[in-house]
Amino acid sequence: MAKIVVGVDGSDGSKRALRWAVEEARLRALPVQAVHAWHVPYADLSPFVPVVDPEIFHEAGRQALDDVVASVDGSGLEHPIERVVAYGPAVTVLTDAAEGADLLVVGARGLGGFTGLLLGSVSQHVAKHRGCPVVIVPPER
Ligand SMILES: Nc1ncnc2c1ncn2[C@@H]1O[C@H](COP(=O)(O)OP(=O)(O)OP(=O)(O)O)[C@@H](O)[C@H]1O
Ligand SMILES: [Mg+2]
């Protein structure tokens, strides 16, 4: 399907990515799909993690996605920005969503903690995606 897919984790980096994607979508008259991948932290690693309702993480992800989409000016687009919240590792969710898309856009960094890195692990991995062109939006200089 013709579209621009953007990864949104709630970070400023992903906000910049969405802004860039919206500008590009205006030029190309394409729909924008903002995708958030969520998972239950550590649930697969330890039997001692208390049982929590996964819906909490889904809801938090949906809220983060809504906030980022609301912060970006989507005027001039032919369609409103589509929001997708999906369970799974971010790289898999994003590359699956971008299969057959025109463009996959991510920020250089996200919510992760290692400040020295140029690129986060998600952007490093999606850079190797061969299904469509990938854009990694750098931080503000
Ligand atoms: N859970 C997610 N859902 C959707 N997009 C994501 C998600 N996580 C990251 N991204 C996308 O990838 C970009 C880079 O984030 P990444 O996770 O690679 O960096 P980081 O959080 O700084 O590092 P790391 O996660 O490796 O500690 C984000 O700006 C966003 O566009
Ligand atoms: Mg991250």
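Which helices and strands each supply at least two residues of the shell around ligand 1? In this predicted model, local features need pLDDT of at least 70, side-chain atom pairs count only at pLDDT 80 or more, and totals for chains, interfaces and linings use all residues. Residues are numbered from 1 along each chain as its sequence is written, chains are lettered from A and ligands numbered from 1 in the order written, and side-chain values use heavy atoms, without hydrogens and water.

The elements are helix H1 (12-28), strand S2 (32-38), helix H3 (90-97), strand S4 (103-107) and helix H4 (121-126). Helices (H or I, at least four residues) and strands (E, at least two) are DSSP runs, numbered from the N terminus. The shell holds 21 residues, the closest being Gly 7, Arg 109, Gly 112, Ser 121 and Val 122. Shell residues have a heavy atom within 4 Å of the ligand.

Oxygen atoms of ligand 1 lie 2.6 Å from a side-chain N or O atom of Arg 109, 2.6 Å from a backbone N or O atom of Gly 112 and 2.8 Å from a backbone N or O atom of Val 122. On its own, ligand 1 has 610 Å² of accessible area (Shrake-Rupley, 1.4 Å probe). The protein covers 88% of this area.

Ligand 1 sits in the largest pocket, with more than half of its atoms within 2 Å of the pocket's grid points. A pocket is an open set of points on a 1 Å grid over the protein atoms alone, where a 1.4 Å probe fits, with protein on both sides within 12 Å along at least five of seven lines; lining residues have an atom within 4 Å of a point. The pocket volume is about 820 Å³, taken as the space filled by probe spheres set on the points. Of 33 lining residues, the closest to the centre are Asp 9, Ala 90, Leu 111, Gly 112 and Val 122.

Conventions
Polar contact = N/O pair within 3.5 Å; in protein donor to acceptor, adjacent residues only side chain to side chain.
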